[in-house]
Amino acid sequence: MKLVATLTMLSILANSMVCAQGTSGPSMPKTGPALDDLRAVAPGLGKFATSTVAELWKRPGLAARDRSIATLAVLITRNQSVDLGDEIARALDNGLEPKEVAELITHLAFYAGWSNAMAAVAAAKPVFAAYKVDAGQLPPASPQPLPLDEAGEAARSARVSEQFGAIAPGVVQNTTDVLFKDLWLRPDLAPRDRSLVTVSALVASGQVAQIPYHLNRAMDNGLTRVEVGEVLTHLAFYTGWPNVFTALPIVKDVIEKRAAR
Amino acid sequence: MKLVATLTMLSILANSMVCAQGTSGPSMPKTGPALDDLRAVAPGLGKFATSTVAELWKRPGLAARDRSIATLAVLITRNQSVDLGDEIARALDNGLEPKEVAELITHLAFYAGWSNAMAAVAAAKPVFAAYKVDAGQLPPASPQPLPLDEAGEAARSARVSEQFGAIAPGVVQNTTDVLFKDLWLRPDLAPRDRSLVTVSALVASGQVAQIPYHLNRAMDNGLTRVEVGEVLTHLAFYTGWPNVFTALPIVKDVIEKRAAR
Amino acid sequence: MKLVATLTMLSILANSMVCAQGTSGPSMPKTGPALDDLRAVAPGLGKFATSTVAELWKRPGLAARDRSIATLAVLITRNQSVDLGDEIARALDNGLEPKEVAELITHLAFYAGWSNAMAAVAAAKPVFAAYKVDAGQLPPASPQPLPLDEAGEAARSARVSEQFGAIAPGVVQNTTDVLFKDLWLRPDLAPRDRSLVTVSALVASGQVAQIPYHLNRAMDNGLTRVEVGEVLTHLAFYTGWPNVFTALPIVKDVIEKRAAR
């Protein structure tokens, strides 16, 4: 009996204190530090949390759901576990469906790295349990794919193959087969949302050389110019200012070239 | 009784073994691996720890306190929790005041990312408790700000607004209101130290495009040329050599341009 | 008795659920999420894990042992703890010797950062225990060094000293004394394998400016052109696609220049 009680308390303790990788949401404590912790360590953070950062999520120009997509993309790309559980819970509260969270994690296995997705699975599992997500709310493992833009993909594939086919044929092949003919066609996260995940991941990891292709793709997929500006405004807080300032000239160039054509 | 004893032992165990995110300092075990662990896994690391790395902290040209600032900036920017508790304790031992640690974390919320600061709060909380830091040693949430360099800030703001105001007006506005008219004016971490935090964060995250502005600002704020060289010598060990070698040509260019003017 | 039983169960629980930084291998559970967890959170990941990623490790052109070296370099460079224990176990299963794992971690203390190595020690310790690695299987702290290429090192040292000696003399000195006259000459990880670790770390951290020097060194040390292509194919999955696409033009340039000379 004592053992059971101890393990129960242990589990609460572990969730709330030890690893900050526990659970949050309907029936559970936050995974990240509480507001009181901020005030007890860095009172300025308490002030910013309840003013600047709280207001950020209510700004016009980008839906709270989309802000959650961008935030999850940052945390998973940078393997930040402390408040990932909290942010998955907030994403669900903001209207992101469990199947969309599942596909966002799957997408980032390829755009951030396999182990980043493994860490996200570990963080999402208790949140999904607390939100009583059942199998019917998850995407199928092998769904009916969205239709492929055959001409666009053939052009992309030919371009990459010509550039890098002799150097890394495996990369070229997998980019076609695994990414553009499989991952991007999985229907349970819209292409526009996959683009939002991808662009956020690129800013978060400082991979600005890949921004022109993916930002153009994002805007072709429906992300508006105003939304792009707000994504950057949001990302400044979650990736830190330097990553956004390094991305800004590239984003500006993409947007100006699109306006000129 | 058994439960209490168990939870006490649990807490010790969790601090010392499980998450390496526990406590260190006056009355507690290290959060990172002990020297014996290094010797039991990678004996070479034990040798380097007791020779090269130990000597690094005693080199002339940069105070141990400043080495702690740079080290904390690296670990928080890269979200490295294993020995963050140890390094916060060492920073306090090296003379960094609790209010300065608090402001360093607050600063990095904006220069490394909000969740990085959340992880740092979680790591600092038990260290502050062990060092018996009380509320009077913390900075106020909303202190009387330092005086603003109105002309310098107006020029900076106009330049950034012209460049990026049409692309991301929210970023431009927040850079002025949140960063340069609020964060940088918080008095409990000196501008020179905020610059040291910022430059270290830029090297740690590979955000070298932002180095020219912030290194010039750092040197305007009082960081000397010799100190810059020693910061890089120190950062090589804590960010890894490649980040420093990528930063070196940019640092060299800044220093040579300042010497020529 | 109850206390002992509780702590035993606690340790199992902590290893398997709480921190994902426990143990794996002959007699212990995985540190990362199990396949069932992938299926319960993101079924697509379950599919990719059992098809694409499983097949990746069996591709020709790069030995499984070398794939483990590259994978460990990525996880340690990016401080990813969730499945690091699993991957250390897989590396041992793939024929990497414990002394090579020890030296790989030691190497990354300097190429990824000291604290990255500390986190790796924490992850490796229980795996080495489970594999019953004894002191005789570890490298000595201060082994007899490999012979130095005096002329090559003198040229490298002079070039770096001329470039950066006036800016950061400590970096220049330590690069010679600690890296090239000590670390790289430690015999328990072959120079070719150190190069594979280094290049993988550079791709993983986006430090592409350092790729030309280290990729040339890697190929001088025996890494073949086909292996380089397969390393990139492997890294795409573990660092994410964007890092590999940012590295590809630089890799291509190095290989083409070597072919032309």
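This is a predicted model: local features need pLDDT of at least 70, side-chain atom pairs count only at pLDDT 80 or more; totals for chains, interfaces and linings use all residues.

Reply: Residues are numbered from 1 along each chain as its sequence is written, while chains are lettered from A and ligands numbered from 1 in the order in which they are written.

Me: Why are α4(C) and α10(C) called oblique to each other?

Reply: The axes of helix α4 (residues 64-77) and helix α10 (residues 191-205) of chain C cross at roughly 45° and come within 8 Å. Under 35 degrees counts as roughly parallel, over 145 as roughly antiparallel, 65 to 115 as roughly perpendicular and the rest as oblique. The pair α4(C) and α10(C) is therefore oblique.

Me: Which residues make the contact of α4(C) with α10(C)?

Reply: Among them are C:I69 and C:A73 of α4(C), and C:L196 and C:V197 of α10(C); being in contact requires C-beta atoms, placed from the backbone, within 7 Å.

Me: What makes the relation of chain C to chain A that of a three-fold axis?

Reply: A rotation of 120° with 0.0 Å of shift along its axis superposes chain C on chain A, at RMSD 0.0 Å. That is the relation of a three-fold axis. The copies use different surfaces, as 12% of the contact residues of chain C recur in chain A.

Me: How many residues of chain C are in contact with chain A?

Reply: 49 residues of chain C are in contact with 49 residues of chain A. On the chain C side, α13(C) gives the largest share, ten residues.

Definitions and conventions
Axes are lines fitted to C-alpha atoms, for helices over the stretch in contact, and angles run from 0 to 180 degrees between N-to-C directions. Helices (H or I, at least four residues) and strands (E, at least two) are DSSP runs, numbered from the N terminus. Two residues are in contact if their C-beta atoms, placed from the backbone, lie within 7 Å. Copies are superposed by least squares on the C-alpha atoms of residues with pLDDT of at least 70 in both.
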